[in-house]
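Hi everyone, and thanks for coming.

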Amino acid sequence: MDIKSTILDPALSRIPEGDLADKWTNYKAHQKLVNPSNKRRLDIIIVGSGLAGASAAATLGEMGFNVKCFCIQDSARRAHSIAAQGGINAAKNYQNDGDSIYRLFYDTIKGGDYRAREANVYRLAEVSNNIIDQCVAAGVPFAREYGGTLANRSFGGAQVSRTFYAKGQTGQQLLLGCYSALMRQVNKGTVKMYTRHEMLDVVLVKDEQGVERARGIIVRDFVTGKIERYAAHAVVIGTGGYGNAYFLSTNAMSCNGSAAIQCYHKGAWFANPCYAQIHPTCIPVHGEIQSKLTLMSESLRNDGRIWVPKKLEDAKKLQKGEIKPTDIAEEDRDYYLERRYPAFGNLVPRDVASRAAKERCDKGFGVNATGLAVFLDFSDAIKRLGKDVVADKYGNLFQMYQKITDQNPYETPMMIYPAIHYTMGGIWVDYELQTSVKGLFAIGEANFSDHGANRLGASALMQGLADGYFVLPYTIQNYLADQIQVPRFSTDLPEFEEAEKALKSKIDRIMKVQGSRTVDSIHKELGHIMWEHVGMGRTKEGLTEALTLLKGIRETFWKEVYVPGTADTLNVELDKALRLLDFIEIGELMALDALNREESCGGHFREEHQTQEGEALRHDDDYSYVSCWKYTGENQTPDLLKEELNYKYIKVQTRNYKN
Ligand SMILES: Cc1cc2nc3c(=O)[nH]c(=O)nc-3n(C[C@H](O)[C@H](O)[C@H](O)COP(=O)(O)OP(=O)(O)OC[C@H]3O[C@@H](n4cnc5c(N)ncnc54)[C@H](O)[C@@H]3O)c2cc1C
């Protein structure tokens, strides 16, 4: 495939000068500010009320800006962030076990397989400690030690304990903290909340110099079906990840990639789309009529040991239900992560653990009827710590597992298998979190920024809150300081008119198809293609085939989709159909990016590029860059812009979790 590619000017990343550890401090000292009376004259739209969006909206509202915050759910409190279980990282070093800002930075860059920007990641590690202080002040009930100090546990890819947690409900508790702050601003009138409103386009307006700037959005009110227009001086996208392109994932059902695609169509680059995270510890798929996968938190790998039988005959008997896991003697168990990666054991990063599980199952050692499961066993931990301690740490997760599988994990090992969980790719942003479109910012999982090719556990919450509480509130001022003379916008401008017209005609076209397939059935087919060809193991052949199949899915959609009802009222099928179209485009971008990246790194495993031991084989000379895809028109191959990654503060090496 012919792809037009160019190298990006490094200045576009807007990384401040100075030593790594001083960059953020210097930036803050020299950025432009907006004074209090001018803040009142500036409007900011924030799309999304997850941890990233809610923390940004609350903070910018508190600072005095006029904020309009949009979300799909009936309450900001129900954003997908609420599902986060295990914890949030910070370099507090409360355990005195050798942690530091540098070590968190280093672990994150290494965990991301040397495909993230140094300056951003260092800043993330730096502000991680502020997040914990902020959340404690907001009343987040983090777990504590007997003496009252905050407790920590370990997550993958780290040899220290730096993960703060609230049982297995960390996301929920953090979101309640953000939500309280947000509602305080709603009460004060600085934030207006628009729930059950979905953004369906971003509107750009040219300024006097002819520069296009994001000046508003078009949304659909779910309840009335009405299309509405909203204007602002800047637009912030905090709409989460696009893992549901695979249909089955651990993400909430409403997670989507539509806002990212709308921005992409308007000129924002889509970066590293192929980097999707496959989480090793999910409840295995149990049949064809399933729309959701359940995560068993990575925190469980602190005490749970992962194994499969050493002997194939034992595996076969387990698959047929002829023996129980407890029938297999200790010496006949293969704790394959401990065997292969002695230094990190069960706490290797997710990409490594997922591939190792797949490798065992592909060889026939899977432990359930489908052969696609491994054990996560707590019997040692229960012996060592006692059942009560284990229940204290993980009780709600055990209960959830039992409710879903009808098996008691205190008595028999859990069965787990990798599943799609998180997307490292997303909207390209510079150091200021601004996209390639002026006045359009992206935060949280929606942007591509800090995790490279693989995200370490407990670092998504850290990044979302870093962006929302501590980074965007500074950097957006640097942009808005030049906008104080710009009066409020009318939504009658022709640019709004055109965007609304285009959207209405797209909706019309969908409603007119009146085919025989439900949206979900087409989405499921898309998911099968993605998992099969753009999943855990990717090949040139498979990716090329995926691109052909995805073209077919798009044709199927336009010929066969059936959306009942009308567009001018509540219509859940229509909402899903609009998202599905964007998932198809995301699938194409993912496959194209994966095809272009002829190396294995992090979550992107090209089977042609592996070491003799089956580990990912990077090709730094050719691929040490961020892939930024630029939209060139409907059904056209996008252009590739390469942001080169230059590491000055760490030595780029092959990842090693063995010793
Ligand atoms: C089961 C599970 C457990 C996890 N556990 C952890 C953990 O322990 N630690 C960790 O660090 N990470 C964890 N993660 C990852 C983490 O939860 C997410 O990456 C993070 O919460 C994303 O936050 P966000 O604010 O970027 O997006 P989200 O929380 O996904 O919020 C997106 C927001 O955007 C809104 N939205 C979306 N599209 C539109 C639109 N078009 N118009 C209007 N609004 C829109 C939604 O309504 C929502 O308000 C977990 C993820 C899952 C799935």
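Let me start with a question: is α7 mostly covered or mostly exposed, and how many of its eight residues are buried? This is a predicted model, by the way, so please keep that in mind as we look. The answer is that α7 is mostly covered, with seven of the eight residues buried. Those buried residues are S258, A259, A260, I261, Q262, C263 and Y264. If you follow the chain just past the helix, you come to G267, which has a positive phi of about 115°.

Helix α7 also leads us to the ligand. It is one of the elements that give two or more residues to the shell around the ligand, together with α3, α6, β7, β16 and α13. In total, 44 residues surround the ligand, and the closest are G48, G50, S81, G240 and G444. What is the shell made of, by class? There are 23 polar residues, 19 nonpolar ones and two charged ones.

Now let's turn to strand β10, residues 234-237. A234 and V236 point one way from the strand, while V235 and I237 point the other way, and all of them are buried. As a general point, side chains in a regular strand alternate between the two faces of the sheet. What does β10 pair with? It pairs in the parallel sense with β2, residues 43-47, over four bridges, and there V235 is the bridge partner of I45. Strand β10 also pairs in the parallel sense with β18, residues 440-442, this time over three bridges. In that pairing, I237 stands opposite A442.

Next, please look at the open sheet of five strands. The order is β12-β16-β15-β13-β14, and the pairing is antiparallel. Why is one side of β12 and of β14 left without a neighbour in the sheet? Because both strands stand at the edges, each with a single partner strand. For β14, you can see two bridges to β13, residues 305-309, with R333 as the bridge partner of P309.

Finally, let's visit β20, residues 639-644. Strand β1, residues 5-7, pairs with β20 in the parallel sense over three bridges, and T6 stands opposite L641. Strand β19, residues 625-630, runs antiparallel to β20 and is joined to it by six bridges. There, W629 stands opposite L640.

That's my tour, and I'm happy to go back to any part of it.

Technical notes:
Residues are numbered from 1 along each chain as its sequence is written. This is a predicted model: local features need pLDDT of at least 70, side-chain atom pairs count only at pLDDT 80 or more; totals for chains, interfaces and linings use all residues. Two strands pair if DSSP finds at least two bridges between them. A residue is near a molecule or strand if its C-beta atom, placed from the backbone, lies within 6 Å of it. Ala, Val, Leu, Ile, Met, Phe, Trp, Tyr, Cys and Pro count as nonpolar, Asp, Glu, Lys and Arg as charged, and the others, Gly among them, as polar. A residue is buried if 20 or more other C-beta atoms lie within 10 Å of its own, exposed if 12 or fewer, and partly exposed in between; C-beta atoms are placed from the backbone.
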